[in-house]
Amino acid sequence: MILLITGMLLILAGIWAILVKKDIIRMIIGFTVVDTGVHLLIVAIGYVKGGTAPIIDRAVSTADASFAGLQAISKVVDPVPSALVLTAIVIGLAVTGLMLAYAVRLNKATGSTNIDDHEEQKW
Amino acid sequence: MIKYLLVFAAILGMGWILWQLGVEFQTAQELNPLASEYVRGSTSDLNMPNAVTAVVVSYRGLDTLGEVTVLFLATAGIGFLLKRKKRSAGLEIDDADGAANVPVCDESALAGLEFDATGTTDPQNNLSNSLSSLSNSVVKNETLSSSAVKTRTEGSEILKTGSNLLVPMIVVLGIYIFTHGHLSPGGGFQGGVVIASGILMLIMAEVRFHLSHLLLHISESLSGLAYVAMGLAGLILLGVHHFLDPRYLLAGKFLALFSAGAVPVIYSLIGIKVGSELASVLASIQHEGEDL
């Protein structure tokens, strides 16, 4: 529950940064904060009370794999949100890199990272 | 003022959406049927302990293929943006050189003419004067343009020695992480990022370190191609509904390195692909795509 609330607050803070801040770099930081908040939210939704990572290692040492699976179901968290977040982190890194490259290019073109100096980009 | 009101309204609306999500939310007491099916299937069907890897590589393999494509597109976009920017900047420098050259030449020629007009010195001296001023201006221009292209400072001794010690270990750790993705926490994405962080350290420590773009492109393309080929092999060997199904290779012994069918192979390919893509991002940021 704490995880969920933290994720929501991070999302809101990130959206505030995206909408209010003038500097492009700060807006990109806002995007990464939203990113982190969404990750926390997804992980919080997948959490099962008292669960551990969905990796069956010490739960059973015999070779009876199907039995291990049946036993593990009662004490692991949902693997699907974990898998989503796992890939989303790397994708978020690449997308942040793309945004920063665009910011670098804008800065080289006009010498400024302030969004007010790029009026011609407005729709 | 109206802008801040709109921002406030937007945040309030988003907060309302999240509130709707949170107010009914209760931490689950047990797994939902889909997740328990995945956890059971990862051990009984695919013979691997890591259910997250089972979801990433096999059950939601198509999603992962899509995400790798997104990663590729983002990398290509970064390379494109930085490369175009550098070329236009180079043209600007050339233009500035030309613009600076012309008036300086005129000035020296004018000075020569003035000397001629005064007629107090012989013409040869005039010529050498104007030539020397011309060469001076050229030298000045050269220093100007070379200072425009930033030269990186050498990495410190600690960083160099540390990178010599650590980079091989980091790369080995990355390879370990993505080859053991089906057994332990980790996998292709994490291992690839670890390898790219090692390459980042190398770039920071060595000024003259150049990543071969050709090598990166080849490893990236080949691993991506092989990933799709592994998926298609499942389609061909197991049947129509088995795209990216890893069970056409032997399941092996539970908890062994070579087990779980094609999962270690696929995850290693993802690891190589992610590592080389992030390394090529670093490389294009390093020399901002000047010459490939």
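Colleague: Start with burial. Which residues of α7(B) are buried?

Modeller: Buried means under 20% relative accessible area, exposed over 50%, partly exposed in between (1.4 Å probe, protein chains only). In α7(B) the buried residues are B:Gly188, B:Phe189, B:Gly191, B:Gly192, B:Val194, B:Ile195, B:Ala196, B:Gly198, B:Ile199, B:Met201, B:Ile203 and B:Ala205. One caution: this is a predicted model, where local features need pLDDT of at least 70, side-chain atom pairs count only at pLDDT 80 or more, and totals for chains, interfaces and linings use all residues. Residues are numbered from 1 along each chain as its sequence is written, chains are lettered from A and ligands numbered from 1 in the order written, and side-chain values use heavy atoms, without hydrogens and water.

Colleague: How many residues does helix α7 of chain B have, and what span does it reach?

Modeller: Compare the span with the expected one (1.5 Å times one less than the number of residues). Helix α7 of chain B covers residues 188–205, 18 residues in total. From first C-alpha to last it reaches 26 Å, close to the 26 Å expected. Helix α2 of chain A (residues 24–46) has 23 residues and reaches 33 Å, close to the expected 33 Å.

Colleague: How many helices and strands are there in chain B?

Modeller: Both are DSSP runs, numbered from the N terminus (helices H or I, at least four residues; strands E, at least two). Chain B has 9 helices and 0 strands. Chain A has 4 helices and 0 strands. Buried residues make up 39% of the 292 residues in chain B and 42% of the 123 in chain A.

Colleague: Now packing. At what angle do the axes of helix α1 of chain A and helix α1 of chain B cross?

Modeller: Two packed helices are described by the angle between their axes and the distance between the axes. Axes are lines fitted to C-alpha atoms, for helices over the stretch in contact, with angles from 0 to 180 degrees between N-to-C directions. Here α1(A), residues 2–20, and α1(B), residues 2–23, come within 10 Å and cross at roughly 160°. The two are therefore roughly antiparallel (over 145 degrees; under 35 is roughly parallel, 65 to 115 roughly perpendicular, the rest oblique). Residues making the contact (heavy atoms within 4.5 Å) include A:Leu4, A:Met8 and A:Trp16 of α1(A), and B:Tyr4, B:Val7 and B:Leu21 of α1(B).

Colleague: Which residues is A:Leu12 in contact with, leaving aside its neighbours within four places in sequence?

Modeller: A:Leu12 lies in helix α1 of chain A. With those neighbours left aside, A:Leu12 contacts B:Ile11, B:Met14, B:Gly15 and B:Leu18.

Colleague: Within chain A, how do the axes of α1(A) and α2(A) cross?

Modeller: They come within 7 Å and cross at roughly 160°. That makes α1(A) and α2(A) roughly antiparallel. The buried residues of α2(A) include A:Ile24, A:Met27, A:Val34 and A:His39. The buried set packs against α1 and α4 (79–110) of chain A, together with α1 of chain B.

Colleague: Last, charges. How many salt bridges does the structure hold?

Modeller: Side chains of opposite charge can pair when their charged atoms come close. The cut-off is a Lys or Arg side-chain nitrogen within 4 Å of an Asp or Glu carboxyl oxygen. The structure holds 1 over all chains. B:Lys273 pairs with B:Glu277, their closest N and O atoms 3.2 Å apart. These residues are 4 apart in helix α9 of chain B (residues 263–286), which means about one helical turn separates them.

Colleague: Are B:Lys273 and B:Glu277 buried or exposed?

Modeller: B:Lys273 is buried, and B:Glu277 is too.
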